[in-house]
Amino acid sequence: MLQSLIFDMDGTLFQTDKILELSLNDTFNHLRTLNQWDASTPIDKYREIMGVPLPKVWEALLPTHSYEIRKYTDDYFLKSLVVNMKKGKGALYPNVKEVLSYLKENNCSIYIASNGLKEYLEAIVDHYDLNKWVTEIFSIQQIQTLNKGDLVKMIIKKYDIKHAAVVGDRLSDINAARDNRLMAVGCNFDFAQADELVQADVVIDDLMELKNIVFNINTSFSV
């Protein structure tokens, strides 16, 4: 029986792709004004590594820059993401609210476990009024290892979860499920990669498919 669902945020519930390029361009334009960047914005590189914690992102995108510059860039990027999201540039994926409502009505608790920063995650949840369904948001900032499996383990321990699924679009989500012996639901959305999704227990193309998955599992369990 599925008692809980643990969702990734970027590329799973929130269409980060709609604000990613805007915010990344804004950030690297700012770095150019500081004479800290003189090439094109590395948007393709970011797409490749989407899903890793932000400190790892800046290590990859700014390999020769100091820790201080990376931290400054991280802070600026976060602010740009939040501003663009609040301007309505981003969007939830189709059917997010309907699916979350269905899960809640069917006694499934809902959590978010993300490599995104707490302020950013809370801004999305508040802006789209997801608090009515989401029990708690967990950010990778809350653990020293920067390992999503450890973040999911924190949720399991805090809420004494026995049966759950992790829903996400990248390998870090699938591995987080595997590390905790949970079901892994791979989302074949914007940032997903085929060689990662094959490692999930089930792959969906639309969040609406979660309704049938939960219904079928819980019905078979109760028979």
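The structure holds one cavity of 30 Å³ or more. About 210 Å³ of space lies in this largest cavity. Of its 23 lining residues, Asp-10, Met-50, Val-52, Asn-115 and Gly-116 are the closest to the centre. This is a predicted model, in which local features need pLDDT of at least 70, side-chain atom pairs count only at pLDDT 80 or more, and totals for chains, interfaces and linings use all residues. Residues are numbered from 1 along each chain as its sequence is written, and side-chain values use heavy atoms, with hydrogens and water left out.

**Cavity and pocket**

Both terms rest on a 1 Å grid over the protein atoms alone: a cavity is a set of points where a 1.4 Å probe fits but cannot get out, a pocket is an open set with protein on both sides within 12 Å along at least five of seven lines, and lining residues have an atom within 4 Å of a point. Grid points are joined across faces, edges and corners, and a volume is the space filled by probe spheres set on the points.

Helices (H or I, at least four residues) and strands (E, at least two) are DSSP runs, numbered from the N terminus. H3, H4 and helix H8 (171–179) each give two or more residues to the lining of the largest cavity. H4 provides the largest share, three residues.

The largest pocket contains about 230 Å³ of space. Helix H3 (54–61) and helix H4 (67–86) each supply at least two residues of its lining. H4 again gives the largest share, here four residues. Among the lining residues are Trp-58, Tyr-67, Arg-70, Asp-74 and Gln-141.

In the table, Ala, Val, Leu, Ile, Met, Phe, Trp, Tyr, Cys and Pro count as nonpolar, Asp, Glu, Lys and Arg as charged, and the others, Gly among them, as polar.

| Space | Volume | Lining by class |
|---|---|---|
| Largest cavity | about 210 Å³ | eleven nonpolar, six polar, six charged residues |
| Largest pocket | about 230 Å³ | six nonpolar, one polar, four charged residues |

**Strands S2 and S3**

Strand S2 (residues 109–114) pairs with S3 in the parallel sense over five bridges; pairing requires at least two DSSP bridges between the strands. Tyr-111 has Glu-136 in S3 as its bridge partner. S2, helix H6 (residues 118–127) and S3 make a right-handed β-α-β unit. Right-handed means that, with the strands pointing away from the viewer, the path from the first strand over the helix to the second runs clockwise.

Five of the six residues of S3 (residues 134–139) are buried, so this strand is largely enclosed by the rest of the structure. Buried means under 20% relative accessible area, exposed over 50%, and partly exposed in between (1.4 Å probe, protein chains only).

Ser-109 is found in S2. Ser-109 counts as buried because its relative accessibility is 19%. Not counting residues up to four places away in sequence, Ser-109 touches Gln-3, Ser-4, Leu-5 and Thr-135; contact means heavy atoms within 4.5 Å. Ser-109 and Leu-5 are 104 residues apart in sequence, but 6.4 Å apart in space, C-alpha to C-alpha.

**Helix H5 and positive phi**

Helix H5 (residues 96–105) has Val-96, Val-99, Leu-100, Ser-101, Tyr-102 and Leu-103 as its buried residues. Asn-107 follows H5 and has a positive phi, near 65°. Most residues other than glycine have a negative phi.

Asn-35 has a positive phi, near 60°. Asn-35 lies in the loop between helix H1 (17–33) and helix H2 (43–49). At 70% relative accessibility, Asn-35 counts as exposed. Asp-160 has a positive phi, near 50°. Asp-160 sits in the loop between helix H7 (148–159) and strand S4 (164–168).
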